[in-house]
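Here's a quick tour of the model below. Have a look at the fold as a whole before zooming in.

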Amino acid sequence: MRNVQAVHAFVEKHRRRRQSNKVLHGHPSPTHWLERDIAMPEVLRARARANQEIPKRVNLYVGTPYCLPTEPDRCGFCLFPSEIYTGRRQLDEYLEYLEREGDMFRDHFAGTELASIYFGGGTSNLYKTDQYPRLMEIVRGVFDIPPQIEVTLEGIPQTFSHDKLLAMQQSGMTRISMGVQVLDDELIKASGRKQRADQVFQTLEWCAALGLPASVDLIFGWPKQTIEQMVRDLETIAATGVTHITHYELNVAGRTDFARHRRGELPSTEENLEMYRIGKTVLEARGYTQVTPYDFERQDANLPSSYLYEELFRRPFQTDGNGPIGFDAWGWGYAGISFFFGTPRSPGWAFMNQVRIDEYFRCIREHRFPVMRGFHYTPPDLRLHLLFQELQGLGVDRAAYRRFFGLDVVEEHETVWTAFGDLGWVRVSDDRVTVLGDGVFYLPLIQNALAYDRLMQMRKKQPATTVSVPEPMPVLAAPATPAVQTRE
Ligand SMILES: C[S@@+](CC[C@H](N)C(=O)[O-])C[C@H]1O[C@@H](n2cnc3c(N)ncnc32)[C@H](O)[C@@H]1O
Ligand code: SF4
């Protein structure tokens, strides 16, 4: 941006707009991933070449397309691609295709070390007990699964059972992530999700008895939600002793029921800011430490797993005893999102798989990679992407940035840091840029300001697009999952 005043004007223009505050997991957002017909063999060869310079481990995300039907559709708020679940046959068929997609990538991933595995969706706990070992077998068909690796499976409260959790654990899954969203029955009704609070507690009890670490996703800023309801939910979940809680601000967008019919019932951005502040205070008072704008961890817990998948997503380039090392993400399956970073001088690609199940199946039947579209990073885009990811961890290590990019992140974005420093949202020190106070809630505004000039350039070059692709959501996502409207 031109100068500090321009950044302040940008903040004033956008800070009250609800949709300005969507968490940004990377740059650019998938709205800009417009390259089709990507030559995957060349992308994979480029990945192999880049890995000779900076070796990469892989964070594996395995998607499942299906969700229980709800009224309103898609839980009223969900921006993730999904297909309606009608029965086991769909899952068996999907697993066959997943395996076939794995066959296409096997040779390219030969010798690649896995860093973590995340089964997300959609709803990954719709599988029956005998299908969890099958899922792990399919992964083993492509990768060696190292011992001690973190393997997470994400699901909804009403479709966990003791038998399933046992099957998950016996097949090698080490952590459960449960999407609770809210506990209050009246609020849950608005989403059409047929879940009850007792199913949440029962699942957490089973996990504790089995020694399976569990994390819980909650959303605040729900239509008609009061601060009292939010605090009650947080206190109730914290009292279960769960070691990780995500507390996302509801993202309202697209053609969801909430966006179309419930806008008038939503708290304003200022009210959401108040909810964020109070939520953070409540969780910190109960021994949780904030690690991202929305992740809170109990670090007193003696965890067999360390939430590695999310952690590595925030720090894709690190250094080990042998020098620099990177972490690519491969999104395997329906709607999977992949980041093959390349190197700072020769950046790689981000791409997403098909978000319509029939298209996904068709590509595989025709022996084509099931990739829908993607983005070829330029060096400045890769720098912004990695900066966005680091900022998810609430700060940037200046020396690490300099080591990888040969640039000082403070000099590169001087006006932006100065303006946000004036607001008390950012602090620059010799070794770090740290995001502070309300700046954590407004991190998307900081990210948008950092990328402003580059996005303007890109918009000028791109033709207007009719593709409806809101921002990717948190682990979210799995961190790597896009939000794309598919069910019409
Ligand atoms: C796509 S869901 C998949 C997990 C599972 N199907 C469920 O519904 O819990 C993953 C997480 O994304 C978050 N999420 C989905 N849509 C969201 C939205 N519109 N705003 C904020 N968070 C959202 C939820 O917290 C959810 O637990
Ligand atoms: S919130 Fe979860 S269950 Fe609901 S539609 Fe989205 S992915 Fe499916």
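## Overall size

For 488 residues, a compact globule would have a radius of gyration near 23 Å, and the protein chain comes in at 21 Å, which agrees. That radius is taken over C-alpha atoms, and the globule rule is 2.2 Å times the number of residues to the power 0.38. The C-alpha atoms fill a box of roughly 60 × 55 × 45 Å along the principal axes.

This is a predicted model: local features need pLDDT of at least 70, side-chain atom pairs count only at pLDDT 80 or more, and totals for chains, interfaces and linings use all residues. Residues are numbered from 1 along each chain as its sequence is written, while chains are lettered from A and ligands numbered from 1 in the order in which they are written.

The protein chain has 18 helices and 18 strands, taken as DSSP runs numbered from the N terminus (helices: H or I, at least four residues; strands: E, at least two).

## Around ligand 1

Ligand 1 has 20 residues around it, and F80, G179, D217, Y248 and N251 come nearest. A residue is near if its C-beta atom, placed from the backbone, lies within 6 Å. Both β6 (175-181) and β7 (214-220) supply at least two residues of this shell.

## Where α1 meets α18

In α1, V7, F10, V11 and H14 meet L445, A449 and Y452 of α18; contact here means C-beta atoms, placed from the backbone, within 7 Å.

Methods
Two residues are in contact if their C-beta atoms, placed from the backbone, lie within 7 Å.
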